[in-house]
Amino acid sequence: MKRNVVIATIAAAALIGGGTATALAVSGDEEAPAKKSNVQVSNDDTGRDDDTDVNDTDDNDADDNDADDKAEDKADAAEDRAAKDNGEDAEDKAENAADAKVAQVDAADAIKAALKNTKGTAVSADLDDEGTKHVWDVDILTNGGAWHSVQVDPATGKVVGSHVDRDEDGDDAAETAQIRAALKGSSVTAAEAAEAGAAKGTVTSVDLDEESTDKAWEVDTTAANGTGSDWRVNPDSGKITADRSND
């Protein structure tokens, strides 16, 4: 009788605890072999995993993020294709690659070095081949309205020359007014435009497009294989997009 009570009690405990019970029969001092109960209890009435929630959106969020990343990558790839200069031949690409390799000091740093030498606003920077060597030629508009051309060594970042540009054709005043108007309210400098372009390749030129209706910094870059690309950097947001003016 006592043995039956023990088994019944353990079986009931198994039902309450939600598991499989193992009953031990005890009679006096003798030990009986363990006997497994056939009572099986599921975790819940439906048999579903408690961790599974039909309203759980984590997986959906991950899928959405992946889709957004893929769409962004696709858009970036399209911009890269649109920015490429498809008119270059093998000789052009070889020359571009050689020029870009010379620019150990990037455009942004060359502009900063030029501005330390001559105070004002940098309006353009070009990696020029002057005979036997390359230099960064940075045009700076001073607060007084004078134009200075500052040359920076692309290997060392040192200023190697500076001179005042003369108004030989008599249109500096009109051009200066147009440039000042384009720069008014702009929050992106020439150096920052160059930094934005550096994400696309080696920057070889930065110039302010003050004549178009959508004012922008024009940035030319060169890939490692010499392929050139043309970009536009918004002077307010800094967003870089392909220059489609040649499309």
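Author: Start with R232 and D209, whose side chains meet in a salt bridge, 3.1 Å from N to O. By salt bridge I mean a side-chain nitrogen of Lys or Arg within 4 Å of a carboxyl oxygen of Asp or Glu. This is a predicted model, so to speak of local features pLDDT has to be at least 70, and side-chain atom pairs count only at pLDDT 80 or more, while totals for chains, interfaces and linings use all residues. Residues are numbered from 1 along each chain as its sequence is written, and side-chain values use heavy atoms, with hydrogens and water left out.

The R232–D209 pair links distant parts of the chain: R232 is in strand β11 and D209 in strand β9 (residues 202-209), 23 residues apart. Strands here are DSSP runs of E, at least two residues, and helices are runs of H or I, at least four, numbered from the N terminus. Both R232 and D209 are buried; that word stands for under 20% relative accessible area, with exposed over 50% and partly exposed in between (1.4 Å probe, protein chains only). R232 counts as buried because its relative accessibility is 12%.

R232 also meets D214 in a salt bridge, at 3.7 Å from N to O. D214 lies in the loop between β9 and β10 and R232 in strand β11, so this pair ties together parts that are 18 residues apart in sequence. D214 counts as partly exposed because its relative accessibility is 46%.

Then there's E218, which forms a salt bridge with R232, the closest N and O atoms being 3.5 Å apart. Here strand β10 supplies E218 and strand β11 supplies R232, 14 residues apart. At 27% relative accessibility, E218 counts as partly exposed. Through shared partners, salt bridges join D209, D214, E218 and R232 into one network. The count for the model comes to four salt bridges.

Strand β9 has another residue worth a glance, S205. S205 counts as buried, since its relative accessibility is 10%. Its side chain makes a polar contact with the side chain of D126, at 2.7 Å. A polar contact is a pair of N or O atoms within 3.5 Å; within protein, one must be able to donate a hydrogen and the other to accept it, and residues adjacent in sequence count only if both atoms are side-chain atoms.

Strands β10 and β11 turn up again in the largest pocket: the elements giving two or more residues to its lining are α3 (90-102), β5 (121-130), β10 (216-222) and β11 (228-233). A pocket, on a 1 Å grid over the protein atoms alone, is an open set of points where a 1.4 Å probe fits, with protein on both sides within 12 Å along at least five of seven lines; lining residues have an atom within 4 Å of a point. There are 16 lining residues, with N96, D99, T204, D220 and T222 nearest the pocket's centre.

Last, the nonpolar side. The largest nonpolar core has 37 residues, of which W136, V206 and W217 touch the most other members. Such a core is a set of buried Ala, Val, Leu, Ile, Met, Phe, Trp, Tyr and Cys residues joined through side-chain atoms within 4.5 Å. Helix α4 (residues 107-117) gives the largest share of this core, six residues.
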